[in-house]
Amino acid sequence: MIRLRGLTKVYRVGVEVIHALAGVDLDVCANEYVAVMGSSGSGKSTLMNILGCLDRPSDGSYELDGRNTTRLGAAALAQVRNERIGFVFQSFELLPRLSALQNVELPMIYAARGWWGRRKRAREVLGRVGLGDRVRHRPNQLSGGQKQRVAIARALINQPSILLADEPTGNLDSKTSEEILALFGELHAEGQTIIVVTHEAAVAVRARRVIRMLDGKIVSDLPVNADPGLQRELQALREAA
Ligand SMILES: Nc1ncnc2c1ncn2[C@@H]1O[C@H](COP(=O)(O)OP(=O)(O)OP(=O)(O)O)[C@@H](O)[C@H]1O
Ligand SMILES: [Mg+2]
């Protein structure tokens, strides 16, 4: 489903050159659940932004559903992003003046679907994430966990090939994080492909595969149970509890 080859991203700030991605090869199949870990600045968000077609690589290729996205123009890339990608951010990124329902409807504006169909689908998805009784609330009338559920509903509205989440529980307390992770688990069980960036072992352990990044490269790629660092962190968490 996802195929990256020799992916690089170079930023230039003044005279400084930053190799945010320094040659990434990666394959992700349909219905995988992948966690991306690595220290701050290792290139996780840069990778996610390229996977989400929010940004372009400097070099290398990115194939999504058999299509090389690196050759697409801006309009075609925006269409891929809209139709195939669902993105969830740490900071929710909801529009403050719109209701939950209107926020969720937004990505459907471009889909060939009438007003009534859009509204019906948005209500369904809000119900799916457990917010059927909050459709008229604006973001400032919702809790952090509820805001993230709205963002997840918005990400799912066009039935994307991949759900990308960059530290989705970074702004949430541990109980609310658990609820969001339970929802991800259900979506995965229903067939959704998920890639989640996280610093937390408790989040990564919900995935099936853990990729670790360092200095813009993938330095390990293992099943969750086989990642020694993760098992150590989990053991430490259990001892602390
Ligand atoms: N727009 C930009 N312009 C210049 N440099 C950038 C830009 N975005 C990211 N970088 C640099 O690229 C590198 C990778 O950044 P990135 O945001 O991908 O890291 P990260 O792994 O997501 O870190 P964190 O865990 O702190 O979120 C960093 O050195 C960062 O300073
Ligand atoms: Mg980041």
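In α6, the buried residues are T176, S177, I180, L181, L183, F184, L187 and H188. Viewed along the axis of α6, these buried residues stay within an arc of 155 degrees, so they line one face of the helix. All of this comes from a predicted model, so keep that in mind as you read on.

What does that buried face sit against? The buried residues of α6 pack against β3, α4 (115–128), α5 (144–156), β7 (162–166), β8 (193–197) and α7 (201–204). On the face turned away from the buried side you'll find the exposed residues S174, K175 and A189.

As for its length, α6 covers residues 174–189, which makes 16 residues. From first C-alpha to last it reaches 22 Å, close to the 22 Å expected at 1.5 Å a residue. The N-terminal end of α6 is capped by D173, with a side-chain oxygen 3.1 Å from the backbone nitrogen of K175. Just after the helix comes G191, with a positive phi of about 110 degrees.

Now for ligand 1. It's surrounded by 14 residues, and the closest are S40, G41, K44, S45 and T46.

| Residue | Protein side of the contact | Distance to an oxygen atom of ligand 1 |
|---|---|---|
| S40 | N or O atom in the side chain | 2.5 Å |
| S42 | polar backbone atom | 3.2 Å |
| H199 | N or O atom in the side chain | 3.0 Å |

How much of ligand 1 does the protein cover? On its own the ligand has 630 Å² of accessible area, and the protein covers 62% of that. The elements giving two or more residues to the shell around ligand 1 are β1 (2–13), β2 and α1 (44–51). Of these, α1 gives the most, with three residues.

N31 isn't a glycine, yet it has a positive phi of about 70 degrees. You'll find N31 in the loop between β2 (16–28) and β3 (33–38). Is N31 buried, exposed or partly exposed? Its relative accessibility is 33%, so N31 counts as partly exposed.

E93 is the other one: again a residue other than glycine, with a positive phi near 60 degrees. E93 belongs to the loop between β6 (85–89) and α3 (100–105). With a relative accessible area of 44%, E93 is partly exposed.

Terms used
Residues numbered from 1 in each chain as written. Chains lettered and ligands numbered in written order. Predicted model: local features only at pLDDT ≥ 70, side-chain atom pairs only at ≥ 80, totals over all residues. Heavy atoms only, no water. Helix = DSSP H or I, 4+ residues; strand = E, 2+ residues; numbered from the N terminus. Buried < 20%, exposed > 50% of the residue type's maximum accessible area, 1.4 Å probe, protein only. Expected span 1.5 Å × (residues − 1). Arc of directions from axis to C-beta. Contact = heavy atoms within 4.5 Å. Polar contact = N/O pair within 3.5 Å; in protein donor to acceptor, adjacent residues only side chain to side chain. Near = heavy atom within 4 Å. Areas by Shrake-Rupley, 256 points an atom, 1.4 Å probe, with all protein chains shown as cover.
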